Amino acid sequence: MNPILLDTALEKLGSPEKLINLIGQRVYELTDVRPKARPLIEETSGLGALDIALLEVIQEKITFEQWDPEDEAPKDEGAEKRATIFAA
């Protein structure tokens, strides 16, 4: 993990909690999901999944959006706030 990329991505999102959730989900998508997601950046040689995810945040290829219960009624009664990853 490149600490410069980490600091830059944190500046973009402004919240360590958002960054952890976003990066954790994206690394999972890049490594564990079948079929694996493809990187949204062009140059990935020599980079691990974490650095790729950080670069995707920095280049605004992915973003964090938090569900607001005021916007719409939840579909199920036990619904809580959810984080969603969207490709930009």
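The model is predicted, so local features are reported at pLDDT of at least 70 and side-chain atom pairs at pLDDT 80 or more, while totals for chains, interfaces and linings use all residues. Residues are numbered from 1 along each chain as its sequence is written, and side-chain values use heavy atoms, without hydrogens and water.

The chain contains three helices and two strands, arranged along the sequence as α-α-α-β-β. Here helices (H or I, at least four residues) and strands (E, at least two) are DSSP runs, numbered from the N terminus. Of the chain's 88 residues, 25% are buried; buried means under 20% relative accessible area, exposed means over 50%, and partly exposed lies in between, with a 1.4 Å probe and protein chains only. The chain exposes about 6,300 Å², and carbon and sulfur atoms supply 49% of that area. Such areas come from the Shrake-Rupley method with a 1.4 Å probe, and for residues only the protein chains shown count as cover. Among contacts (heavy atoms within 4.5 Å) between residues at least 6 apart in sequence, 45% join residues at least 24 apart.

Eight of the ten residues of α3 are buried: Asp51, Ile52, Ala53, Leu54, Leu55, Glu56, Val57 and Ile58. What do these buried residues of α3 pack against? Their partners are α1, α2 and β1.

Two packed helices are described by the angle between their axes and the distance between the axes. Axes are lines fitted to C-alpha atoms, for helices over the stretch in contact, and angles run from 0 to 180 degrees between N-to-C directions. For α1 and α3, the axes come within 9 Å and cross at roughly 40 degrees. These two helices are therefore oblique to each other. Angles under 35 degrees count as roughly parallel, over 145 as roughly antiparallel, 65 to 115 as roughly perpendicular, and the rest as oblique. α1 passes α3 in a left-handed crossing. On the α1 side, the contact involves Leu5, Leu6, Thr8, Ala9, Lys12 and Leu13, and on the α3 side Asp51, Leu54, Leu55, Val57 and Ile58. A crossing is left-handed if the near helix is turned anticlockwise from the far one by less than a right angle, and right-handed if clockwise.

The axes of α2 and α3 come within 9 Å and cross at roughly 125 degrees, and the pair is therefore oblique. This time the crossing is right-handed. Residues of α2 in the contact include Leu19, Leu22 and Ile23, and those of α3 include Ala49, Leu50 and Ile52.

Leu30 belongs to helix α2. With a relative accessible area of 10%, Leu30 is buried. Leaving aside residues up to four places away in sequence, Leu30 touches Lys36, Ala37, Arg38, Pro39, Ala49, Ile52 and Ala53. Leu30 and Ala53 are 23 residues apart in sequence, and their C-alpha atoms are 8.4 Å apart in space.

Two loop residues complete the tour. Ser15 sits between α1 (3-13) and α2 (16-31). Is Ser15 buried or exposed? Its relative accessibility is 15%, so Ser15 counts as buried. The side chain of Ser15 also makes a polar contact with the side chain of Glu17 (3.0 Å). A polar contact is a pair of N or O atoms within 3.5 Å; within protein, one must be able to donate a hydrogen and the other to accept it, and residues adjacent in sequence count only if both atoms are side-chain atoms.

Glu60 lies in the loop between α3 (49-58) and β1 (62-66). Glu60 has a positive phi of about 60 degrees although it is not a glycine. Most residues other than glycine have a negative phi.
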